[in-house]
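My notes follow the structure.

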Number of protein chains: 2
Amino acid sequence: MASGARGALTREAVLEAAAGLVRRRGPDALTMRGLAAELGTAVTSIYWHVGGREALLDALVERTVAGLGEIRPSGRTPEQRVLSVARALRRQLRDHPHLVALVHERGLTERMFLPAQRVLVREAHAAGLRGARAAEFVRAVQFQVVGHVLVERNRERAPAQHPGEPELWRAGSAGDDPALARALARPVDTERLFVTAVRALVRSLLAPHGV
Amino acid sequence: MASGARGALTREAVLEAAAGLVRRRGPDALTMRGLAAELGTAVTSIYWHVGGREALLDALVERTVAGLGEIRPSGRTPEQRVLSVARALRRQLRDHPHLVALVHERGLTERMFLPAQRVLVREAHAAGLRGARAAEFVRAVQFQVVGHVLVERNRERAPAQHPGEPELWRAGSAGDDPALARALARPVDTERLFVTAVRALVRSLLAPHGV
DNA sequence: ACCTGAACACCGTTCAAGT
DNA sequence: ACCTGAACACCGTTCAAGT
């Protein structure tokens, strides 16, 4: 069972084992006792090296966020470049599904988004936005992307939806629009929806006319 | 300590007490043993009436969602009416902060959003959207609103943000735009940001031109 | 049909004790 | 400085037994 039992126990070894556990079996599977068993030490040793469970989760989040890698925009127009940043960010978050849950639980979304924020500021400037309007643009995109990923993950974990969207739309309640009823009965193409929504948002906010 | 100890124990009484506990002290405070103590019964009685903790939470979510009340759009243009629906929905979700967390955890966002979905379909039609485009519009708004509320709640629970957004933007890293730096250093006006983002999204998606 | 206490298999955390 | 086992105060759930 023990994986990294050789040598003296270090803070790094504890975090490594904890990260592996979370990656493989989710945050709920991270128990102090289970982790200790995996490390081949007494539970209390973990307390000495990294502190209690809360401190451990904090350190874990910090570690993973730091290792996310930077985001490079691509495309010719500001709209394309912002969209590429949004997609890259979504991809990063989706590649670390448990991390998103962890960060969400701990209220650290802000922290996670900081690198992308810098990139977005540059794009806002390139598009001619300044001051408060640029700030609003950056935050709107930030909320949009993170929010979308949260909802998306939520749906993936969802059990068989209780009333079941399909049945609910099979009846004639769609105002005589069978194509709409069919579309709503189909599962959502979240990738496509994401692109559509981000593009719509960005297009509006980058448009020259005032509010 | 006991609150509703009189009379025979019923499923309804258990759910009522559980709902009160969650409202007052959050989902984590809902323990089978604590609930039993509040009801003045043995823990095992709860199992007889509503089943285990998971079943209890499911019933609780179902109950609260059912009691949310319908949403009536207001305003003259489709854009205004959709915005009013979005605001009403955000308000509902914010009025039941623990519920949002519960629904999110259980992956029932879909279920919660169904009534609003019907209203949005009508507005999409009024704006001239049909079929797949109408469906896409409805879902984009849905993801936007729910996502925003999730991020918003996340930030509210956030501890003092570690690096602290303000300090990070006080340096000159904002590309020579002091007004932007100041804006990003200020706390977010989430209400305003919500309206801006929803309006931008809706405006783009309701615009006549194709993609 | 309804309710009970005892027991099982878990938790996180603290603390005094070892080396 | 580092690691240990024992103990404390919790959990959710099961089960046999009561009325």
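I began with the surface near DNA strand C, and sorted its residues into seven nonpolar, seven polar and three charged. For the classes, I took Ala, Val, Leu, Ile, Met, Phe, Trp, Tyr, Cys and Pro as nonpolar, Asp, Glu, Lys and Arg as charged, and the others, Gly among them, as polar.

Ground rules next. The model is predicted, so I kept local features at pLDDT of at least 70 and side-chain atom pairs at pLDDT 80 or more, while totals for chains, interfaces and linings use all residues. Residues are numbered from 1 along each chain as its sequence is written, chains are lettered from A and ligands numbered from 1 in the order in which they are written, and side-chain values use heavy atoms, with hydrogens and water left out.

**DNA strand C**

I counted 17 residues around DNA strand C, with R33(A), A42(B), S45(B), W48(B) and H49(B) the closest. "Near" here is a heavy atom within 4 Å. α3(B) gives the largest share of this surface, four residues. Helices are DSSP runs (H or I, at least four residues), numbered from the N terminus.

Then I looked up polar contacts (N or O atom pairs within 3.5 Å). The side chain of S45(B) puts an N or O atom 2.7 Å from a phosphate oxygen of DNA strand C. For R53(A), a backbone N or O atom lies 2.8 Å from a phosphate oxygen.

**DNA strand D**

R33(B) reaches a base: a side-chain N or O atom is 2.3 Å from a base nitrogen. α3(A) supplies the largest share of this surface, four residues.

**Chain A against chain B**

I noted 65 residues of chain A in contact (heavy atoms within 4.5 Å) with 65 of chain B. The two chains bury about 5,700 Å² between them, 62% of it on carbon and sulfur atoms. That is accessible area (1.4 Å probe) lost on putting the two parts together, summed over both. On the chain A side, E110(A), R139(A) and F143(A) lose the most area, together 13% of what that side buries.

**Rings**

R90(A) lies over the face of F194(A), 5.3 Å from the ring centre. The cut-offs are CZ of Arg or NZ of Lys within 6 Å of the centre and within 35 degrees of the ring normal.

Notes: Polar contact = N/O pair within 3.5 Å; in protein donor to acceptor, adjacent residues only side chain to side chain. Helix = DSSP H or I, 4+ residues; strand = E, 2+ residues; numbered from the N terminus.
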